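Please keep the sequence and the 3D view open while reading.

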Amino acid sequence: MKVNELVKKLKELDPDSEVLFYAEDEEIAPEGYAHRVLDIVDVSQKELRTNRVENGVVTIRFGDQPHSTTWACIELTSDV
């Protein structure tokens, strides 16, 4: 999703609403639960490089380096 798409969707919501992230992915949700609830720690722009490793997991490496690009990043925590 691009920033302008996210902003457009957020503008349709009550601006005083709390924001809650959740994931239904079995690999993220705690065992025995349907969801993992997440909260925002920070929103920033960062230089980083993504890489998909052999097992399919996408990793990131922060910093200005060869093949890095600028990303809008939303840092999340499960400590809600």
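In this predicted model, Ser68 sits in the loop that runs between strand S3 (58-62) and strand S4 (69-77). Ser68 counts as buried because its relative accessible area is 16%, which falls under the 20% cut-off used for that word.

**Surroundings of Ser68**

- The side chain of Ser68 is joined to the side chain of Asp64 by a polar contact of 3.5 Å.
- A polar atom of the Ser68 side chain also lies 2.9 Å from an oxygen that belongs to the backbone of Gln65.
- When residues up to four places away in sequence are left out, Ser68 touches Glu47, Leu48, Arg49 and Gly63.

**The largest pocket**

- The largest pocket holds about 560 Å³ of space, and its lining is made up of 16 residues, with Met1, Val3, Leu6, Ala72 and Ile74 lying nearest the centre.
- Helix H1 (3-11), strand S2 (36-52) and S4 are the elements that each give two or more residues to this lining, and S4 gives the most, with 5 residues.
- Sorted by class, the lining of the largest pocket contains 14 nonpolar residues, 1 polar residue and 1 charged residue.

**The second largest pocket**

- The second largest pocket has a volume of about 170 Å³, and the residues that line it are Leu10, Lys11, Leu13, Asp14, Pro15, Ser17, Glu18 and Val19.
- In the lining of the second largest pocket, 4 residues are nonpolar, 1 is polar and 3 are charged.

Key
Residues are numbered from 1 along each chain as its sequence is written. This is a predicted model: local features need pLDDT of at least 70, side-chain atom pairs count only at pLDDT 80 or more; totals for chains, interfaces and linings use all residues. Side-chain values use heavy atoms; hydrogens and water are left out. Helices (H or I, at least four residues) and strands (E, at least two) are DSSP runs, numbered from the N terminus. Buried means under 20% relative accessible area, exposed over 50%, partly exposed in between (1.4 Å probe, protein chains only). A polar contact is a pair of N or O atoms within 3.5 Å; within protein, one must be able to donate a hydrogen and the other to accept it, and residues adjacent in sequence count only if both atoms are side-chain atoms. Contact means heavy atoms within 4.5 Å. On a 1 Å grid over the protein atoms alone, a cavity is a set of points where a 1.4 Å probe fits but cannot get out, and a pocket is an open set with protein on both sides within 12 Å along at least five of seven lines; lining residues have an atom within 4 Å of a point. Grid points are joined across faces, edges and corners, and a volume is the space filled by probe spheres set on the points. Ala, Val, Leu, Ile, Met, Phe, Trp, Tyr, Cys and Pro count as nonpolar, Asp, Glu, Lys and Arg as charged, and the others, Gly among them, as polar.
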